[in-house]
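Hi everyone, thanks for coming.

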Amino acid sequence: MTENLSPLYSLAGDVVAEAKLKRKVLTTAESCTGGLIAGAITSITGASDIYNEGYVTYSNVAKTKLLGVLPKILDTHGAVSLETAYAMAEGALKQANADIAISVTGIAGPTGGTALKPVGMVCFGLSFKGTDGEPQTMSHVHYFEDKGRHHIREESVQFALKWTYDHLKTLDLPV
């Protein structure tokens, strides 16, 4: 769809086109990517048809304040966890009144990693309105190779866009 752009922006163009086709509004909730997913989407002409708002919630306070992530989830599981990614996606879906929300929280490095949560561990959430209008949410963890902060963040954006695109492809055309 998009010409003369990196594969990342080409994928963002595919997401925007598919969301338009399916008449879905997207939102994002980002931590370690710091708005890069939103930036990729909004770099595409016509993104305003499918994207109204997004959230950069780098701190736990922001995750709670803007997305409604319960402090208990953060205290029990940590900011980088499947549970937090799940809650971030659900919170963004609700706050933005969107049809689909993608969230990301991870350890991009070079510091912050532990044996249990190494640099390159990134958790994603995908929340969407089911046919009954109720939210359905999934979460996924991916371990990216530690080739530096920029690499992990870029790979995370690509993963999030691809997961969003793959989900959009499963949806029926509106009648």
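Let's start with arginine 23, which sits in the loop between H1 and E1. This is a predicted model, and in it arginine 23 has a positive phi of about 55°, although it is not a glycine. Is arginine 23 buried or exposed? Its relative accessibility is 60%, so arginine 23 counts as exposed.

Now look at asparagine 97, in the loop between helix H5 (82–96) and E3. Asparagine 97 is not a glycine either, and its phi is positive, about 50°. With 58% relative accessibility, asparagine 97 counts as exposed.

One more loop, please. Between E3 and E4 you'll find proline 110. The peptide bond leading from glycine 109 to proline 110 is cis, and its omega is near 5°.

On to the sheet. In what order do the strands run? The order is E2-E1-E3-E4-E5, five strands in an open sheet with mixed pairing. At the edges stand strand E2 (51–56) and strand E5 (135–143); each has a single partner strand, so one side of each is left without a neighbour in the sheet. From one strand to the next, the twist averages 15°.

If you zoom in on strand E1, residues 26–30, you'll see that E1 pairs with E2 in the parallel sense, over four bridges. There, leucine 26 stands opposite tyrosine 51 in E2.

Next, helix H6, residues 149–170, packs on the sheet. H6 touches E1, strand E3 (100–106), strand E4 (121–129) and E5, and its direction makes about 25° with that of E4. Leaving aside residues up to four places away in sequence, histidine 167 touches Ile100, Leu126 and Phe128. Histidine 167 has 10% relative accessibility, so it counts as buried.

Last, the helix pair. Helix H1, residues 7–22, packs with H6 at an angle of about 25°, and their axes are 9 Å apart. Angles under 35 degrees count as roughly parallel, and H1 and H6 are therefore roughly parallel to each other. Their crossing is left-handed. On the H1 side, the residues that meet H6 include Leu8, Leu11 and Val15; on the H6 side, Val157, Leu161 and Leu168 are among them. What kinds of residues make up this contact? They divide into nine nonpolar, two polar and six charged.

Conventions:
Residues numbered from 1 in each chain as written. Predicted model: local features only at pLDDT ≥ 70, side-chain atom pairs only at ≥ 80, totals over all residues. Heavy atoms only, no water. Pairing = 2+ DSSP bridges. Helix = DSSP H or I, 4+ residues; strand = E, 2+ residues; numbered from the N terminus. Axes fitted to C-alpha atoms, helices over the stretch in contact; angles between N-to-C directions. Contact = heavy atoms within 4.5 Å. Parallel < 35°, antiparallel > 145°, perpendicular 65-115°, else oblique. Left-handed = near helix turned anticlockwise from the far one by under 90°. Nonpolar A, V, L, I, M, F, W, Y, C, P; charged D, E, K, R; others polar. Buried < 20%, exposed > 50% of the residue type's maximum accessible area, 1.4 Å probe, protein only.
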